[in-house]
Amino acid sequence: MGYKCYFICCFFCVSALFAQNEITSDSLDTKYREDQFYFGITYNALVDTPEMVDSRGLTASVHLGFMRDMPINRRRNLSLAIGLGASFDEYGSTLFIGEDQANQTIFTSLSDNNVTYDVNRFSSSSIEIPLEFRWRSSSAQNYKFWRFYAGLRLGYTYWYKSSFKQDGNTVIQTDIPEFNNMRLGSTLSVGYNTVNFYAYYGITPLFDNAITTNGTPIDMSTLKLGLLFFFL
């Protein structure tokens, strides 16, 4: 809940701070906008995890897409933006996902059971629709500027796979009823010129109505931290 409040507060504070940032020059470029391609790399942390479950191994994401910029003030340094993109995610953790003989999903902690293994990973690919409120110190003549972009990212996971490997045993799961295909997260991008710090907090949990074998609810979500690169 703390992460959610942080992103929401940032969004409204910046909106109020820069909403009055107008200029009266008649030489403004009325067609200037910041349509951009983006590419990002992040580290994925699992948050709100059950006891004895944590991140481990390869845990990263790659993001790419295009944003359409729609200025909302005369100077055109305030805008709304909507886009279309994709995200490729890897989550290494100590949460094993399997299936019993009745085809019911099993969630259990590998740490709690002292299991020796080589790989335990959850992979997914998603289509995303980013929505942003944007402030920037740019102009039509200035291509190096500060930016503060805050918003939401709606996504749909069209492919996922849970992989577990140990000596003599491999478990692959591609049908997990508890998995939440719909994604909604809050985002924040802050930086100068091409390189920007990027943060994403998943508002929706990874799983719905899931519990571990010892009866603990699984309400975990994701926090992604990394770099985002914008290209005109």
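## Cavities

Searching the whole structure turns up two cavities of 30 Å³ or more. The model is a predicted one. The largest cavity has a volume of about 110 Å³.

Sixteen is the residue count for the lining of the largest cavity: 16 residues, with Asp 89, Tyr 91, Ser 126, Arg 183 and Lys 224 nearest its centre. S3, S6, S7 and S11 are the elements that each give two or more residues to this lining. S7 supplies the largest share, four residues. By class, the lining of the largest cavity divides into five nonpolar, six polar and five charged residues.

## The second lining

Which residues line the second largest cavity? They are Leu 46, Tyr 91, Ser 93, Leu 95, Ile 97, Asn 120, Arg 121, Phe 122, Ser 162, Leu 206, Phe 207 and Met 220. The largest share, three residues, comes from S6. The lining of the second largest cavity has eight nonpolar, three polar and one charged residues.

Tyr 91 is listed among the residues nearest the centre of the largest cavity, and Tyr 91 also lines the second largest cavity.

## Overall fold

The protein has one helix and eleven strands. Along the sequence the pattern reads α-β-β-β-β-β-β-β-β-β-β-β. Of the 232 residues in the protein, 47% are buried. Take the contacts between residues at least 6 apart in sequence: 72% of them join residues at least 24 apart.

Side chains of opposite charge can pair when their charged atoms come close. The structure holds nine salt bridges.

One of them joins Lys 224 and Asp 89, with the closest N and O atoms 2.9 Å apart. This pair links distant parts of the chain: Lys 224 lies in strand S11 (residues 221–231) and Asp 89 in strand S3 (residues 78–92), 135 residues apart. Both Lys 224 and Asp 89 are buried. Both are also among the residues nearest the centre of the largest cavity.

Glu 128 and Arg 153 form another salt bridge through their side chains, at 3.4 Å from N to O. Glu 128 belongs to strand S6 (residues 119–136) and Arg 153 to strand S7 (residues 146–166), so this pair ties together parts 25 residues apart in sequence. Both Glu 128 and Arg 153 are buried.

## A partly exposed pair and a network

Are Arg 56 and Asp 54 buried or partly exposed? Arg 56 is partly exposed because its relative accessibility is 43%. Asp 54 is partly exposed too, at a relative accessible area of 36%. Their side chains meet in a salt bridge of 4.0 Å, N to O.

Salt bridges also form a network, which links Asp 69, Glu 132, Arg 134 and Arg 136.

## Gln 36

Gln 36 lies in strand S1 (residues 36–47). Its relative accessible area is 2%, so Gln 36 is buried. The side chain of Gln 36 makes a polar contact of 3.2 Å with the side chain of Glu 34. A polar contact of 3.2 Å also joins the side chains of Gln 36 and Arg 134. Arg 134 is itself part of the salt-bridge network.

Neighbours within four places in sequence aside, Gln 36 is in contact with Gly 65, Phe 66, Met 67, Arg 134, Arg 147, Tyr 149, Phe 230, Phe 231 and Leu 232.

## Asp 35

Asp 35 sits in the loop between helix H1 (2–18) and S1. Why does Asp 35 count as buried? Its relative accessibility is 18%, and buried means under 20%.

The side chain of Asp 35 makes a polar contact of 2.6 Å with the side chain of Arg 68. A polar atom of the Asp 35 side chain also lies 2.7 Å from the backbone nitrogen of Asp 69. Asp 69 belongs to the salt-bridge network. Leaving aside neighbours within four places in sequence, Asp 35 is in contact with Phe 66, Met 67, Arg 68, Asp 69, Phe 231 and Leu 232.

Technical notes. Residues numbered from 1 in each chain as written. Predicted model: local features only at pLDDT ≥ 70, side-chain atom pairs only at ≥ 80, totals over all residues. Heavy atoms only, no water. Buried < 20%, exposed > 50% of the residue type's maximum accessible area, 1.4 Å probe, protein only. Polar contact = N/O pair within 3.5 Å; in protein donor to acceptor, adjacent residues only side chain to side chain. Contact = heavy atoms within 4.5 Å. 1 Å grid on protein atoms, 1.4 Å probe; cavity = no way out; pocket = protein on both sides within 12 Å on 5 of 7 lines; lining within 4 Å. Points joined across faces, edges and corners; volume = space filled by probe spheres on them. Nonpolar A, V, L, I, M, F, W, Y, C, P; charged D, E, K, R; others polar.
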